[in-house]
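Here is a short tour of one protein structure. Look at the sequence and the model, then read on.

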Amino acid sequence: MFTPEDHRCMARALELAERGLYSTTPNPRVGCVLVRDGAVVGEGWHERAGAAHAEVNALAAAGDRTRGATAYVSLEPCAHHGRTAPCAEALVKAGVRRVVAALQDPNPLVSGKGLQRMREAGIETAAGLMESEARELNIGFVSRMTRGRPWVRMKVAASLDGKTALNNGRSQWITGEAARRDGHHWRARACAILTGAGTVRDDDPMLTARDVATSRQPLRVVVDSRLETPPAARVLAGGGTLVAAAVKDESRIAALKDRGAEVIVLPNPQGKVALGALLRELGRREMNEVHVEAGFRLNGSLVREGLVDELIVYLAPALLGDKAHGMFELPELAELAGRRELAIREARLVGPDLRVRARFL
């Protein structure tokens, strides 16, 4: 069905889409390549929400060479009016002959309607070329559109014996500089960075993406059941931090609001923050990917509730001993059949440390 040229051109469209890795949220990352008579006549990618979509940028670059061309798009062209006009209509007006999409748009407002509109206009359409690669690039957008919540990626820095902090709470620094720098790239691609009040108390992190060329910073989210975040905490610097609580203490809420924070109260029956409700709220706020950097208790709660999709674990070549904190606070198992299984997607050295990326089955 697809030729070697089709694969080559779609690979280029995906390469272009990746240029928006840090900037397109809440929109998907999309690239487009226009080819006529075997030559590329236009390229484009979506840079940020509110700006022109990939197809429009590629059409502008091609000019009057679009008629009779094939458009390779990493995501089905949109068919609805949002902040911009429908891309499917723009391709029809430009006179393209064929459109190849890697992934059908999971957005119910589109979901096949873009391809249908173009077929009705006489354009040959096809979808599914390099679909898995396109899905990976927009895994958070797909999650939000199909599950109503973001893709949750949890980052853990640990010793080789699986310890994340000393018994006194100290954890800086277990892994090396290269691993920490690598972690900032995962922060930068996320829409939100989530941590717990214990991490704020012990480490006082800023939770910003640094050492990365990015035009935006992810939303910082603190899970703080009892509103214990100090108003002087660095995570509140610059305002805009979201604090999720389980109690409505007006004086503490006022102190956090004075620092520019927003406080939402989402209690569960146990008097803790309802984590599932929090993720649904982040999905409602158009967060595609959530990056978790928290302590073993919050990590364990998220895993126990089945809310973590992916782990990124940096393992340092060092041992901290039995008394140190582990990665997750999880209940003891009596049978191995009760274990949570994962699929390892990648393992590579980052400086002296080993980075393992795995997903829950």
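Which residues of α10 are buried? They are Leu275, Gly276, Leu278, Leu279, Glu281, Leu282 and Gly283. Buried means under 20% relative accessible area, exposed means over 50%, and partly exposed lies in between (1.4 Å probe, protein chains only). Helix α10 spans residues 275–284 and is mostly covered, with 7 of its 10 residues buried. An α-helix has 3.6 residues a turn, so residues three or four places apart point the same way.

This is a predicted model, in which local features need pLDDT of at least 70, side-chain atom pairs count only at pLDDT 80 or more, and totals for chains, interfaces and linings use all residues. Residues are numbered from 1 along each chain as its sequence is written, and side-chain values use heavy atoms, with hydrogens and water left out.

## The whole protein

The protein has 11 helices and 16 strands. Helices (H or I, at least four residues) and strands (E, at least two) are DSSP runs, numbered from the N terminus. The C-alpha atoms fill a box of roughly 65 × 45 × 40 Å along the principal axes.

How does the radius of gyration compare with that of a compact globule? For 361 residues, such a globule would have a value near 21 Å; the protein has 23 Å, which agrees. The radius is taken over C-alpha atoms, and the globule rule is 2.2 Å times the number of residues to the power 0.38.

Buried residues make up 53% of the 361 residues. The accessible surface comes to about 16700 Å², and 50% of that belongs to carbon and sulfur atoms. Accessible areas come from the Shrake-Rupley method with a 1.4 Å probe; for residues, only the protein chains shown count as cover.

Contact means heavy atoms within 4.5 Å. Among contacts between residues at least 6 apart in sequence, 69% join residues at least 24 apart.

The protein carries 51 positive and 44 negative side chains. The centres of the two sets lie 2 Å apart. Lys and Arg count as positive and Asp and Glu as negative, while His and the chain ends are not counted. Each charge is placed at NZ of Lys, CZ of Arg, CG of Asp or CD of Glu.

## A hairpin and some backbone turns

Strand β1 (residues 31–36) and strand β2 (residues 39–45) pair in the antiparallel sense over 6 bridges. Two strands pair if DSSP finds at least two bridges between them. Leu34 stands opposite Gly42 in β2. The two strands form a hairpin with 2 residues between them. In its turn, Asp37 has a positive phi of about 55°.

Most residues other than glycine have a negative phi, and most peptide bonds are trans. Ser111 has a positive phi near 30°. It lies in the loop between β4 (98–101) and α4 (113–120). The peptide bond from Thr25 to Pro26 is cis, with omega near 5°. Pro26 is in the loop between α1 (4–17) and β1.

## Selected residues

The table gives relative accessible areas.

| Residue | Relative accessible area | Class |
|---|---|---|
| Ser159 | 0% | buried |
| His184 | 9% | buried |
| Ser111 | 35% | partly exposed |
| Glu286 | 37% | partly exposed |
| Arg304 | 43% | partly exposed |
| Ala334 | 76% | exposed |

Ser159 is found in strand β6 (residues 151–159). Leaving aside neighbours within four places in sequence, Ser159 is in contact with Ile174, Leu315, Ala316, Ala318, Leu319 and Leu320. Its C-alpha atom is 20 Å from that of Trp186, 27 residues apart in sequence.

His184 belongs to helix α7 (residues 177–189). Beyond four places in sequence, His184 is in contact with Thr208, Ala209, Arg210 and Val212.

Arg304 is in helix α11 (residues 296–304). With neighbours within four places again left aside, Arg304 is in contact with Glu329, Leu330 and Pro331.

Where does Ala334 lie? Ala334 is in the loop between β14 (325–326) and β15 (342–350). From Ala334 to Val142 is 36 Å, C-alpha to C-alpha, and the two are 192 residues apart in sequence.
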